[in-house]
Amino acid sequence: MKHTPKGTHAWLPYLPLSIPQGRSPFEIAQSELREGLKALGISKEAKIEVLGTGDEYELSDTGDLQVRGGPTGVLYGSYHLLSLLKRGAELPKGVVRPFYPLRMLNHWDNMDGEIERGYAGRSLFFRGNKVSFDRERIHRYARMLASVGINAVSPGNVNVKPPMDFLITGKYLPEIAKLADILRLYGIRLLLTVEFNLPLAAGLATADPLDENVMRFWRERAEETYRHIPDFIGFLVKADSEHRAGPFSYGRTHPEGANMLAQALKPYGGKLFWRCFVYNHNQDWRDPETDRPCAAFMHYAPLDGQFDDNVILQIKNGPLDFQVREPVSPLLFAMPGTKKALELQLAQEYTGQQVDLFYQAKQWQDVFSLLSADRVQFITAVSNLGDDPNWTGHDLAQANLFAYGRTAWYGRSDPEQYALEWAQLAFPCAGKEVADILLHSPDTYEKYVSPLGLGFMVNPNSHYGPSPDGYEYSSWGTYHRADREKVGVDRSARGTGLTEQYPGEIRAMYDDPAICPDKLLLFFHRLPYGHVMRDGRTLIQRIYDDHFEGAHEAKELALRWKTLKGLIPEDTFERVLTRFDRQEKNAREWCDVINSFFFRFSGIPDAKGRKIGPSKPAAHP
Ligand code: GCU
């Protein structure tokens, strides 16, 4: 397949790269279905009928093909129908409707075109401090999202950097409205990130949320935004978090700050998404009491019932920060009287940066196995997209976006099914094999990177590559506290008390090292290297074994990929192969650095006699 600077087909190789014609989701659906059936060589007629009002649809094949559904439902139904025909799969029976009403994607793009934690090129929306996009590419982007049911997008970084703070002003709104016009054709609506201190930047004396002028200011911003984008969803805010201003700057509470913004949006039916990533990032590493993963629950749980009904608290899947392995955030179980959104991260910040393969749907399985999907009302994910021709840098990372769309639609985690669907669509000649490679990838990565739930052993800032003490003496509150005897943080009831934030059975499981899942053992417990694990191995031996195994498996993944030559389009095959080569080297590096680190502390040799640490280069023949 030839590269196109406009963005590849991703998992929709049966649709033409040209822009579908239409002025509504219904007309786009007609165009996509017509072209898709033609490309699939299916000569049946397809009828589309709009019934109802929403995203739901029903498919049938009674001689003719039929898609019936709400105005956006017919578009989702059409894409689903094409994908089923392509895979030769059965049509679903009855009405199909999404679990979550908003299935969002949060980009972290800056207006200079850089993407915070972006690993696939530059922004699709901004360039040179302007709103700037390629219309064709946005059509393709929107089609790709709509094909998996994503219906809401925030283009800008939650760390709002100038001039993005002025995006919700007349200077930029006409351009943003043009973006919204294209997205609307695919049933996608916009959210915008806002800066809490915008009133100050705009010349007001304060941004205090209880100040009358500040309230009026935000009402005007909301009014103007809705004038340009009538179906605007609302604002997304990162406040009092990692150097961002917020209500605390004015001695106010988070309900006071959030409700004020929500009230400005209320007349238009708007929503305010308020991130809960709030913790002390100026911690002293010598302070054993302050424990970062405890912070969000401690702050927000007592505030249940105090937020307006159009405020939604947006909570990361884990209590720390998108690490390879984390327990589910306890805040997701709390606050029954408050609306919540689950935030996942597709951008592979800590999971290989789209160089190493990491299929994330398996990670989300942890969330959904403990948290019933209806604990949260909305779902979002930090985007892994950029303007690289293949969208995601690593071609196989597209599977993460696809699986997220499916997860958000069904409110259910089914990594095997989503991997297979994606792989069969993207690589019809090697679907099963590619799906299997994806499914093995997170385990492999976790083994060579993250010992038993310890996180943050990465190089500071970039968050890539091994650096066991990278954050150990810093202010970010992310310590593993390894010494000669022990490693890990005691977060049980006897330690920092994180386990006490969980409901009954989960609390009991995490609190007791004898039943705590191995993969979270050092997240919750501080244990001696000689601690005997359930499988009879010592803790230190398990660390060594995992790392050797992980490095070996990374090599195997590359070898398995090589067997697919000829079954995968040549340029994709080569691109992915290059990434696997890099991954193999990375895995070796991780293995050697982490194992050496623990060997130096513990002084305990590997029971299997493998070489740890510096070794003589192979002798010349
Ligand atoms: C992480 C990430 C930051 C990001 C932050 C957030 O800390 O490294 O780049 O801004 O999460 O979620 O707000």
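**Aromatic contacts**

At a relative accessible area of 6%, Phe427 is buried (buried meaning under 20% relative accessible area, exposed over 50% and partly exposed in between, with a 1.4 Å probe and protein chains only). The model is predicted, so local features need pLDDT of at least 70 and side-chain atom pairs count only at pLDDT 80 or more, whereas totals for chains, interfaces and linings use all residues. Residues are numbered from 1 along each chain as its sequence is written, and side-chain values use heavy atoms, with hydrogens and water left out.

The structure contains 32 aromatic pairs (rings of Phe, Tyr and the six-membered ring of Trp with centres within 6.5 Å; planes under 30 degrees apart are stacked, over 60 edge-to-face, the rest tilted). Phe232 is buried at 1% relative accessible area, and Phe235 is buried at 0%. The pair of Phe427 and Trp561 is likewise edge-to-face, because its ring centres lie 6.4 Å apart and its planes stand at 75°. Phe427 belongs to the loop between α11 (415-426) and α12 (431-449), and Trp561 to helix α15 (residues 539-562), so this contact ties together parts 134 residues apart in sequence (helices being DSSP runs of H or I, at least four residues, and strands runs of E, at least two, numbered from the N terminus). Trp561 is buried, at 0% relative accessibility.

Phe232 and Phe235 also belong to one aromatic cluster, together with Phe217, Trp218, Tyr226 and Tyr268.

Charged groups also sit over aromatic rings (NZ of Lys or CZ of Arg within 6 Å of the ring centre and within 35 degrees of the ring normal). Arg103 lies over the face of Tyr76, 5.5 Å from the ring centre. The charged end of Arg491 is placed over the ring of Phe523, at 4.7 Å from its centre.
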